[in-house]
Structure formats: structure tokens, C-alpha cells
Amino acid sequence: MHLETSDNLAHLKQVRQQVLGQTQILQNLIPPTVSYTTEGNVLIIGPEDLARLAADKLANMGQRAILANESITSQDEDHLEKVMNAAEDVESYYNKLIEIKGFLGQFQVKVEHDNGTADLSLVAIRKAHFDLILDLSQAPCINLEMLPPGYFYVGQDEAKLMDAIAQLPELIGEFDKPRYVKVNSDICAHHRNGIDGCNRCLNFCPADAIASVDHKIEIDPYLCHGAGSCTNACPTGAISYDLPTPQALHSYLNKLVTRFRSAAQTAPVILFHDASLGATLIGDELPGAILPVELEEITVASMDHWMAALAWGARQILVLNTEATAPTLTQMLNGELKLANEILDEMGQPQRVSVVEASQIADLATLIEPSASWPMIVPGEFAATTKRETLYAAIDHLNSQAASTDACLSKSNIPYGKVSVNTDNCTLCLSCVSTCPTQALTDGGEKPALYFVEQACVQCGLCESACPEKVISLTPQINFDATARQSRQTLNEEAPFECIRCGTPFATQSMVQRMLDVVGGHSAFSANTERLKMCSDCRVKDMFEDILQDPEKQLR
């Protein structure tokens with residue numbers, strides 16, 4: 001343990017500067033991007049007087065139009081005279097707004113028109129879309145936590161209006177932005193074989209950029225702000241961040257922690273912050289033991305990054321939350337924080353993960369002081385692989401450094417847990433196996449059996465929904481017994497039923513018995529129930545032999 005005297009504090013700051021300077025996140029040299037193209041055609045929405053005055057200040061834009069959706073704000077004669085003389089060439093429309101969809105360069109604005117609906121851009125500027133929208137309404141016309149690029153909501157805040165009027169002319173031309181995330185549908189647990197499963201990513205996007213299209217998760221890169229909530233929520237890693245990739249961020253954290261420990265002979269504190277407001281709060285006055293890590297949004301780093309950084313030797317994780325963080329992201333963050341600390345509690349570790357607010361920046365030295373006396377973690381020697389494997393490797397290492405518990409932490413609505421089967425009614429039809437997106441459930445090959453590996457299960461519920469006998473149940477939990485969690489468990493197995501004619505195994509004992517119970521009394525089988533005990537080839541042979549022996553039987 002190192003007390004931060006003035007000399008030691010200066011030393012730690014010097015080490016931090018050196019480590020941060022020599023450690024970089026590996027990035028794609030040619031990152032994937034999306035492009036926006038605009039001509040500067042702008043729609044101003046709001047009270048007609050304010051909208052017209054704003055339009056007058058945007059004479060250097062492309063075509064302009066006003067959608068007057070609220071009453072004028074003042075009856076003062078001087079004010080009205082200014083309004084009358086402002087933007088005289090700009091048309092005002094009074095149609096009722098139905099909806100706004102789109103983004104920079106592609107805004108579709110639907111309004112009521114002639115007892116139907118119309119695209120206002122076609123009516124107002126003879127274009128298929130507006131490029132930009134300036135919204136002066138009392139409440140934003142688009143109700144999202146993260147508004148689409150090109151949409152400026154200023155309300156009646158004069159400072160915000162002046163800022164928007166300064167920015168709008170700069171948004172004429174062609175612009176690129178990163179394609180922040182990518183989707184691997186092969187391992188997505190959203191939908192399989194006609195059955196709906198996981199919806200976690202759909203519940204946490206503050207920009208409404210995620211949709212289920214033809215039962216596949218699609219992310220609109222033009223609406224995506226790179227919040228990272230979808231990658232954080234995705235249990236399989238089907239949605240992954242691209243700037244940086246999860247593996248690149250893991251590698252960066254490993255190097256930061258390892259190099260700092262080696263040079264400073266003490267464990268660092270990792271502070272995640274966003275690249276906008278959070279970045280402005282980070283300066284050299286940070287306590288020397290804190291290593292700041294800048295992300296597009298704080299939810300880009302998920303629990304596997306927190307736990308891995310601790311397992312590699314960090315003493316504490318801090319996440320800086322600011323007013324710039326969307327409420328949905330804060331909700332997700334608090335949920336992950338609670339789960340992470342419950343996991344640490346269960347294994348006998350201190351609560352090493354904390355969210356700090358912007359107002360606490362000046363008190364960070366006091367906030368991290370207790371962690372200097374917590375038990376030191378011997379760095380784990382595991383490499384980051386997949387999201388789940390990395391998380392469990394970190395949990396297992398942290399557990400080995402504390403209580404080495406083999407208990408289970410039961411929690412509702414988490415993507416970790418086990419599957420149970422009522423073997424009395426299971427026919428081993430294996431519908432569950434064909435729908436499992438992670439191969440947590442597998443079959444026995446030539447042998448009628450159902451196997452399960454808990455570590456791979458994401459609790460998506462697809463197996464439970466696919467089961468025709470309704471004998472599957474899920475138990476969400478964190479299992480600290482690594483051997484049990486990683487081992488292949490036998491959920492059900494039985495001897496195969498052999499064809500009574502040729503001896504070929506073709507079904508399970510329970511499946512044949514179920515067929516006898518359900519269809520044995522049907523007219524097609526009533527006189528030939530033995531055929532249900534035959535394989536398909538022998539069943540056909542038996543039918544033709546029967547016809548050959550009595551050709552007129554099928555006519556009677």
C-alpha cells in the first residue's frame with residue numbers, strides 16, 4: 001500500500017503520464033463509416049413569430065420552410081413588425097404534424113393535408129426530404145433521449161438558438177461518421193425457428209436505432225450515436241462495438257493495469273468517462289493512482305471489462321456519469337453496477353465498482369482512499385476471448401482471490417443461468433437443441449440424449465418456448481462453481497427404440513410410447529399398431545406386403 005504523500009503523488013502522476021503515453025487502443029486503420037449528404041434545406045418548427053425570426057437568420061442556407069405548430073409568443077407591435085419584415089420569401093405552413101422520421105439529409109415530415117397525409121418537403125420545397133430541422137417548439141417533436149443528427153431542438157432558449165444558427169450552415173455538404181457497432185446474426189438469440197427469444201438490445205437504445213426486421217436485429221447506422229448500450233446488453237456478443245472492438249478495449253486495459261503496477265508498484269484505479277462532457281472534467285489534478293479511460297459513451301465498457309480489469313490487478317473501477325448520459329444508459333449502468341457488486345459480495349470481495357457523478361470529481365482522492373487498504377489482487381493470467389468467457393474467467397480469478405465460494409447467486413432477469421428438464425415427459429425430440437443459439441444445449445449424436453453447459457446459456461428462453469412437451473424451465477443465476485458451470489451435464493438420456501423388423505434404432509422409447517398413446521387408436525393404425533414400432537423404411541415395406549397379400553383390402 002502506498003500513501004499518497006506529495007512526493008509519491010507526483011511520482012504516480014509521472015508514472016500515469018508515461019503509461020498513458022505509451023499505451024494506445026488498437027483501432028481499425030480504415031474504420032467503417034456512413035455518409036450523410038445535405039444541401040442545407042431546413043425546416044423550422046415552432047411558434048410562427050419565433051420560427052420566422054430564426055428563418056431570417058438562416059438566409060445563407062438552402063431552401064427554408066416554416067411549420068407553425070404553436071401560437072405566436074407576443075402581441076407586442078414592435079415585435080410583430082419585426083416578424084412581418086423577416087424572411088419574407090419563406091412560406092409558412094399550418095398543417096398538423098403527424099410524425100418526423102430520419103436523420104441529417106433525410107428527414108421525412110408527414111403532415112395532415114387535404115383529408116389525408118402528405119410529405120411536407122414535397123409540398124413546401126419540391127424535394128423528397130428536408131436536410132435539417134430546427135425545432136423551437138415548447139416540447140421536442142421527436143421524443144427520443146438521443147436525437148437524430150441534423151435535428152436541433154432549442155425550444156425557446158436563446159443561447160441554444162444562437163448556437164444552432166451558428167452550426168446549421170456548417171452542415172452543408174457530405175459528412176462521414178463511424179459505423180459504431182456490427183451485428184452477427186449467426187449467434188443472435190433474438191429469433192430462431194419461428195420463435196421469439198431475447199429482446200435485451202431493443203429495450204436499451206436511447207436513439208431508437210435498433211429494430212426487429214423480419215425477425216432479425218438491425219441497427220440503423222445513421223441514427224446510432226455509439227452509446228454502446230446494445231453491445232452492453234447483448235448476452236451472446238452478437239452485437240459488438242467496433243471503435244474500439246471489445247477485444248481491443250480488453251487488451252488496452254490489460255496493458256494499462258500491468259504497466260502501471262510494474263512501474264508504480266501499486267494497483268491503479270480505472271476511471272471510465274465519456275468523450276464529451278466527461279472528458280472536459282478530466283485533468284492532471286486527478287489523483288495519481290487513477291488511470292482515465294475515454295470512451296464514446298460510458299456504457300461501451302460492460303461488466304466483462306470491469307471484472308477483467310480488476311482480475312488483471314486494478315484495485316477499483318469508477319464510472320463517471322454526467323448529465324450528458326441519457327436516462328436509459330444511466331438505468332442500464334445502475335443495473336450492471338448493482339449486479340457486479342452483488343457478485344463481488346458473494347465471493348467475499350469489497351464492492352470494487354462505483355459510479356461517480358460530475359459533482360464528485362474534486363473529491364476523488366477521498367473516494368478512492370478506502371480501496372488503497374483493500375486486499376491486493378494478484379493479477380490473473382488469462383487472455384480476453386469472447387464476452388462471456390472473459391467475464392467468467394475474471395469472476396473465477398477474483399473468486400479464487402477471496403472466498404473461493406461454489407455457491408449460486410440467484411437473480412431474476414439476468415442472461416446467466418441453468419436449464420432444467422422434467423424427464424418424466426421429455427421425449428428427447430431435441431427441438432430445444434435446434435433453437436439454442438449458443439450450443440448450450442446439444443444432442444447425443446447417435447445416442448438419444450440431451451446435454452447442457454451452463455456457462456454458455458444466455459437464458460433467452462428459446463428452448464423453453466420451442467419445447468412441445470413444455471418440460472423445460474429456466475433458472476437465472478451466477479454459478480461460482482467453475483467446474484460445474486463448465487462441465488457438460490446430462491439433462492436426459494434413454495435407450496433408443498429399435499425397429500421390431502430390422503433392429504435399426506430410429507426413435508426413443510418415450511417417443512414411440514407417445515405415438516402409441518396418441519395415434520395408436522387412429523383408423524390408419526388401429527389394425528396395424530405394430531407399424532408404429534417400425535422404422536420408416538420397414539413401415540413402408542410392411543404396408544406394400546399387406547397390399548400384395550390382399551390387393552382389394554385398400555378398396556374396402
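Asp76, Glu77, Asp78 and Glu81 form a negative surface patch. Residues in such a patch have over 30% relative accessible area and no salt bridge, with like charges joined within 9 Å. Asp and Glu count as negative, Lys and Arg as positive, and His and the chain ends are not counted. The place of a charge is CG for Asp and CD for Glu. Accessible areas come from the Shrake-Rupley method with a 1.4 Å probe.

The model is predicted: local features need pLDDT of at least 70, side-chain atom pairs count only at pLDDT 80 or more, and totals for chains, interfaces and linings use all residues. Residues are numbered from 1 along each chain as its sequence is written, and side-chain values use heavy atoms, with hydrogens and water left out.

## The ends of helix 3

Glutamate 77 lies in helix 3 (residues 77-85); helices are DSSP runs of H or I with at least four residues, numbered from the N terminus. Glutamate 77 counts as exposed because its relative accessibility is 67% (buried is under 20%, exposed over 50%, partly exposed in between).

The N-terminal end of helix 3 is capped by aspartate 76, which has a side-chain oxygen 3.2 Å from the backbone nitrogen of aspartate 78. Alanine 87 follows helix 3 and has a positive phi, near 40°.

## Salt bridges across the chain

The whole structure holds 13 salt bridges, each a side-chain nitrogen of Lys or Arg within 4 Å of a carboxyl oxygen of Asp or Glu. One of them joins arginine 64 and aspartate 89, at 3.2 Å from N to O. This pair links distant parts of the chain, 25 residues apart: arginine 64 is in strand 3 (residues 64-70), and aspartate 89 is in the loop between helix 3 and strand 4 (92-93). Strands are DSSP runs of E with at least two residues. Arginine 64 is buried at 15% relative accessibility, whereas aspartate 89 is exposed at 63%.

Lysine 110 and aspartate 119 also meet through their side chains in a salt bridge, at 3.0 Å from N to O. Here lysine 110 is partly exposed, with a relative accessible area of 30%, and aspartate 119 is buried, at 19%.

In helix 10 (residues 327-346), lysine 338 and glutamate 342 lie four residues apart, about one turn of the helix. Their salt bridge has its closest N and O atoms 2.7 Å apart. Lysine 338 is partly exposed at 47% relative accessibility, and glutamate 342 is partly exposed at 21%.

Notes:
Patches are made of residues with over 30% relative accessible area and no salt bridge: like charges are joined within 9 Å, nonpolar side chains (Val, Leu, Ile, Met, Phe, Trp, Tyr) within 5 Å. Buried means under 20% relative accessible area, exposed over 50%, partly exposed in between (1.4 Å probe, protein chains only). A polar contact is a pair of N or O atoms within 3.5 Å; within protein, one must be able to donate a hydrogen and the other to accept it, and residues adjacent in sequence count only if both atoms are side-chain atoms.
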